[in-house]
Amino acid sequence: MAFVYSQLFVRPTYPTRSFDGQTVLVTGANVGLGMEAARHLVRLGAARVIMGVRNVPAGQAAKEQIETSTGRPGVCEVWEVDLASYSSTLAFGDRIAQLPRLDGAVLNAAVATRTFQLAEGHERTITVNVINTLLLGLLILPRLKATGQEFPMIRPRLSFVVSGVHAWAEFTEWKDTDTPMQLVSDPSQARMQERYPLSKLLQVLLVQELAGRVRGSDVIITMVDPGLCHSSLAREAGWQLYVMKLVLARSTEVGARTLIAGIATGLEGHGAYMTGGSVDNTSLSPFVRSDEGDLARGKLWKELLEILEPIRSGIMQNI
Ligand SMILES: NC(=O)c1ccc[n+]([C@@H]2O[C@H](COP(=O)([O-])OP(=O)(O)OC[C@H]3O[C@@H](n4cnc5c(N)ncnc54)[C@H](OP(=O)(O)O)[C@@H]3O)[C@@H](O)[C@H]2O)c1
């Protein structure tokens, strides 16, 4: 009922806060919520909007559309990143870290698929939505922190786009092993019909842990649930979701307002869950808020560390 109420009656506020002179990264910005968030940022005066995309021609087409609709050419830059690949994520993160400033980042790119496929040794949804999204966040964290030190009026923000469907995931694997991401990457164990919600649950738990380790006064780290929105995410979903979207979904532009809220919130947003554009930790699932959730979070963080250390030695020192 809360979901239906929110979809029908909560309308995220149209963003008006200025991003004048700021540099902001949006991943998955060639389409969907990421593209509309990039459009908002250009409209709101950002000096540079880095569109992180895996499909560069689609990114260029999105950039041209944004330039035409906002009348602000030369703000968007299309940079390639494939979050299914460690080397691409590292190269992209290192490139972002070279920017003269980075005021905000919206880590929005994600995949939703029921097809099992491995990428870098883990099931692809886990690699893209969880491991490499966290890796990218860690790679750019020093640049965000440094921007806050160089520009005392700026409080840099790092925002992860999660989802209310994190509450739908049955995540019992955490009890059976010390390496749950490894276990769910075993094709004989993987329940691919629940994989996307599971990836969002793992993201929520890991972002909470990350935010707990970073001072909000250095970088505000948020989690944003945009609600059900029109986009190309559910390409593989059946007719039921199609009908549900016809009735309940927010437009892509309205959904993208929540992404802007995620990089505009004050300190109260640090480590918090945002839905409908506002902080609301009560919308986190009971599991996330439970003692068991705490234990699962601890195991996942340790596993993430073990996965990332060989990829980029000392990465956790970025915190
Ligand atoms: N739409 C909703 O109802 C809804 C609800 C809750 C949360 N969300 C979240 O909102 C975010 C944006 O989703 P959306 O609805 O806008 O979906 P979308 O239209 O499918 O956009 C997803 C973006 O992620 C990119 N992406 C996928 N795999 C990638 C990879 N390996 N490397 C780099 N980029 C990759 C896609 O690139 P390609 O175009 O090349 O595939 C696309 O740009 C996601 O985090 C999603 O989980 C959406």
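## Aromatic pairs

In this predicted model, four aromatic pairs are present. One of them joins Tyr5 and Phe9, whose rings are tilted, with 5.2 Å from centre to centre and 45° between the planes. Tyr5 and Phe9 belong to helix 1 (residues 2-9) and are four residues apart, about one turn of the helix. Both Tyr5 and Phe9 are exposed.

Trp174 and Phe287 form another pair: the ring centres are 6.5 Å apart and the planes meet at 50°, so this pair is tilted. Trp174 is part of helix 6 (residues 173-176), while Phe287 is in the loop between strand 10 and helix 11 (291-311), so the pair ties together parts that are 113 residues apart in sequence. Is Trp174 buried or exposed? Trp174 counts as buried because its relative accessibility is 7%, and the cut-off for buried is under 20%. Phe171, Trp174 and Phe287 are linked into a cluster by ring pairs.

## Charges over rings

Two arginines can be described together with aromatic rings. The charged end of Arg95 lies over the ring of Trp79, 3.7 Å from the ring's centre. The charged end of Arg101 lies over the ring of Phe151, 3.9 Å from the centre of that ring.

Eight strands make an open sheet with mixed pairing, in the order 3-2-1-4-7-8-9-10. Strand 3 (76-80) and strand 10 (278-279) are at the edges; each has a single partner strand, so one side of each has no neighbour in the sheet.

Strand 4 (residues 104-107) and strand 7 (residues 157-161) run parallel and are joined by four bridges. Ala105 has Leu158 of strand 7 as its bridge partner. Helix 3 (residues 56-70) packs on the sheet and touches strand 2 (48-53) and strand 3, with its direction at about 170° to that of strand 3. Helix 5 (residues 124-150) also packs on the sheet; this helix touches strand 1 (23-27), strand 4 and strand 7, and its direction makes about 170° with that of strand 7.

## Strand 2 and its neighbours

Strand 2 is largely enclosed by the rest of the structure, because five of its six residues are buried. Strand 2 pairs with strand 1 in the parallel sense over five bridges, and Met51 of strand 2 is the bridge partner of Val26. From strand 1 the chain passes through helix 2 (residues 32-43) to strand 2, in a right-handed β-α-β crossover.

Strand 2 also runs parallel to strand 3, to which five bridges join it. Here Val49 stands opposite Cys76 of strand 3. Strand 2, helix 3 and strand 3 form a right-handed β-α-β unit.

Conventions: Residues are numbered from 1 along each chain as its sequence is written. This is a predicted model: local features need pLDDT of at least 70, side-chain atom pairs count only at pLDDT 80 or more; totals for chains, interfaces and linings use all residues. Side-chain values use heavy atoms; hydrogens and water are left out. Two strands pair if DSSP finds at least two bridges between them. Helices (H or I, at least four residues) and strands (E, at least two) are DSSP runs, numbered from the N terminus. Contact means heavy atoms within 4.5 Å. Axes are lines fitted to C-alpha atoms, for helices over the stretch in contact, and angles run from 0 to 180 degrees between N-to-C directions. Buried means under 20% relative accessible area, exposed over 50%, partly exposed in between (1.4 Å probe, protein chains only). A crossover is right-handed if, with the strands pointing away from the viewer, the path from the first strand over the helix to the second runs clockwise. Rings of Phe, Tyr and Trp (its six-membered ring) pair if their centres lie within 6.5 Å; planes under 30 degrees apart count as stacked, over 60 as edge-to-face and the rest as tilted. A charge sits over a ring if NZ of Lys or CZ of Arg is within 6 Å of the ring centre and within 35 degrees of the ring normal.
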